[in-house]
Amino acid sequence: MSSKKYWSSRLGFYLAAVGSAVGLGNLWRFPYIVGENGGGAFVLLYLFFAVAVGLPLLIGELSLGKQARRPLLPALLKFRHPLLKTRSLPPRVIKGLGLLSLSVTGMILAYYAVVSGWVLHFSTQFLVGLFVDDWLTARSSFAPLMSNGALQISLASVHILALVVISLRGIQDGLEKWISRMMPVFGFLLFLLLIQALSLPSTSEALRFLFYPDFTKLTLSSPLHALGHVLFTLSLGIGAMVTFGSFLRESDQIPKAGYRVTFVDIVLSLVAGLLIFPLVFQGGGGAQLTDPGLLFETLPRFLIELRLGSLFGLMFFVCLYLSALSASLGLLEVILSHLMDAFKWTRAKACVVAGLLALALSVLPGLSSSVLKNVRFSGGSILESLDSLLIHWALPLIALGMSYFLAYQMPKNIKQEMFGESSSVENQIMYVKWEQSLKFSIPVIIGLCFLLKLLSYFF
Ligand code: TRP
């Protein structure tokens, strides 16, 4: 664990939690999975799951961290319920759950590094475009990058190296300071671009697509896709929020922190949708709605048409890169906190080992659109299959285990404390609702999503 025990300010916590939640999940992944699942009805599902599943789990993970002051795995072991022997999960099962989530973290980090590399690529193209006329006309497309595996792996390596170097300086120096500087800039830039995008003639079509719920467009897989994305975008399941919660001060209120992080994350995803879909419907270079390249195929072409487009493009991709970096730092922090806690390694040693591991794991997804493009699992490339395995299967499974743990294993008095004064009726009601959702609605929703997905293989 980091030598500094608490966030230096409340803002520091929000910056790190929002910094880890807001990232490629919102700006890159959200638009294309909305496209893939038919638009408005899927957005509604996503919003419903964010409130019904994401928020209670987020509150739960933060509580767990704040109480245990340890990363996920030791926190789980600490709170095995001593009195309810019959319901108590054996340590082996808890360790298994923790290790599963740790390997999932490593794989997400690696796959995330590949996509962060794509963002890095566009940042450099726009940087050169600022100085060299006509540079961008030929280089703003996505295809050349996709067919160049060596370039993708090099970019992912640069990203991982940057992560390790920043992380070596410790969580607060690494995260708090510079995220706080870049967030307002990114917010303003998104606002400007949004105005531009929403003044295109295709806006009404885009709004209809995003917000008019046509339930016939949903498939049996859509609920699981929405659920997985909620877990991914809120950085749940793998213990990131447990780690962040472990640095919270005694006086910090957890439910409030949970609402705020969820709210900001949802708003940013919707902004991304509002930005991308007018461009897609405007023609956006024939981008396919369902393609993981959606953001990269539409936005650069739009940007180069704008006045000062290279500058806007450079700023946008640098900010997007920084938000990918801060999310990746959150992922790395989960791994580091475990390595340091379990093996008593120094931060430096843990950083180097985790960095090398991430590098090795990024090779396959990095080559998935070039050398290995013919290796496909049920129609998807290695990167898409990894995405699906991690986000549609592993995260909901871990979330199921986590909700069971929070509902039945964590002592009630500790949980109740999180909701503040127990004499207040309002807090009591909130607590009861929270516990009920962990005990009933979350397991039922996750179970149903899995069931529908399994049915999709037969129908
Ligand atoms: N939420 C991040 C995003 O939307 C990705 C992510 C998933 C993450 N799990 C995480 C980030 C854990 C930090 C820690 O891009």
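In the predicted model, a nitrogen atom of the ligand is 3.1 Å from a polar backbone atom of T233, a polar contact in the sense of a pair of N or O atoms within 3.5 Å (within protein, one atom must be able to donate a hydrogen and the other to accept it, and residues adjacent in sequence count only if both atoms are side-chain atoms). A polar backbone atom of S20 is 3.2 Å from a nitrogen atom of the ligand. The side chain of S235 also takes part, with an N or O atom 3.0 Å from a nitrogen atom of the ligand. On its own the ligand has 360 Å² of accessible area, and the protein covers 100% of it; accessible areas come from the Shrake-Rupley method with a 1.4 Å probe, and for residues only the protein chains shown count as cover. There are 15 residues around the ligand, of which A21, G25, Y112, F232 and S235 come nearest; a residue is near the ligand if one of its heavy atoms lies within 4 Å of it.

Residues are numbered from 1 along each chain as its sequence is written. Because the model is predicted, local features need pLDDT of at least 70 and side-chain atom pairs count only at pLDDT 80 or more, while totals for chains, interfaces and linings use all residues, and side-chain values use heavy atoms, with hydrogens and water left out.

S235 is placed in the loop between α11 (222–233) and α12 (240–245); helices (H or I, at least four residues) and strands (E, at least two) are DSSP runs, numbered from the N terminus. The phi angle of S235 is near 55°, a positive value in a residue other than glycine. At 11% relative accessibility, S235 counts as buried, where buried means under 20% relative accessible area, exposed over 50%, and partly exposed in between (1.4 Å probe, protein chains only). A positive phi of about 55° is also found at K344, which is not a glycine. K344 belongs to the loop between α15 and α16 and is exposed, with a relative accessible area of 66%.

In a second case, R208 lies over the face of Y212, at 4.6 Å from the ring centre.

A pair of aromatic rings is described by the distance of the centres and the angle of the planes. The structure holds 25 aromatic pairs; rings of Phe, Tyr and Trp (its six-membered ring) pair if their centres lie within 6.5 Å, and planes under 30 degrees apart count as stacked, over 60 as edge-to-face and the rest as tilted. The rings of W28 and Y111 have centres 6.3 Å apart and planes at 55°, and the pair is therefore tilted. Because W28 lies in helix α2 (residues 24–36) and Y111 in helix α5 (residues 91–131), this pair ties together parts that are 83 residues apart in sequence. Both W28 and Y111 are buried. Ring pairs also join W28 and Y111 to a cluster with Y32, W118, F122, F126, F142, F186, F296, F316 and F317.

Side chains of opposite charge can pair when their charged atoms come close. With a salt bridge defined as a side-chain nitrogen of Lys or Arg within 4 Å of a carboxyl oxygen of Asp or Glu, the count comes to six salt bridges. In one of them, R347 pairs with E333, the closest N and O atoms being 2.8 Å apart. R347 lies in helix α16 (residues 347–361) and E333 in helix α15 (residues 309–343), so the pair ties together parts that are 14 residues apart in sequence. R347 is buried, with a relative accessible area of 14%, and E333 is buried at 2%.

A salt bridge also joins the side chains of K415 and E435 (3.0 Å, N to O). This pair links distant parts of the chain, with K415 in helix α19 (residues 412–418) and E435 in helix α20 (residues 425–456), 20 residues apart. E435 meets K439 in a salt bridge as well (3.9 Å, N to O); K439 and E435 both lie in helix α20, four residues apart, about one turn of the helix. K439 counts as partly exposed at 26% relative accessibility, whereas E435 counts as buried at 9%. K412, K415, E435 and K439 are linked in a network of salt bridges.

Notes. Lys NZ or Arg CZ within 6 Å of the ring centre and 35° of its normal.
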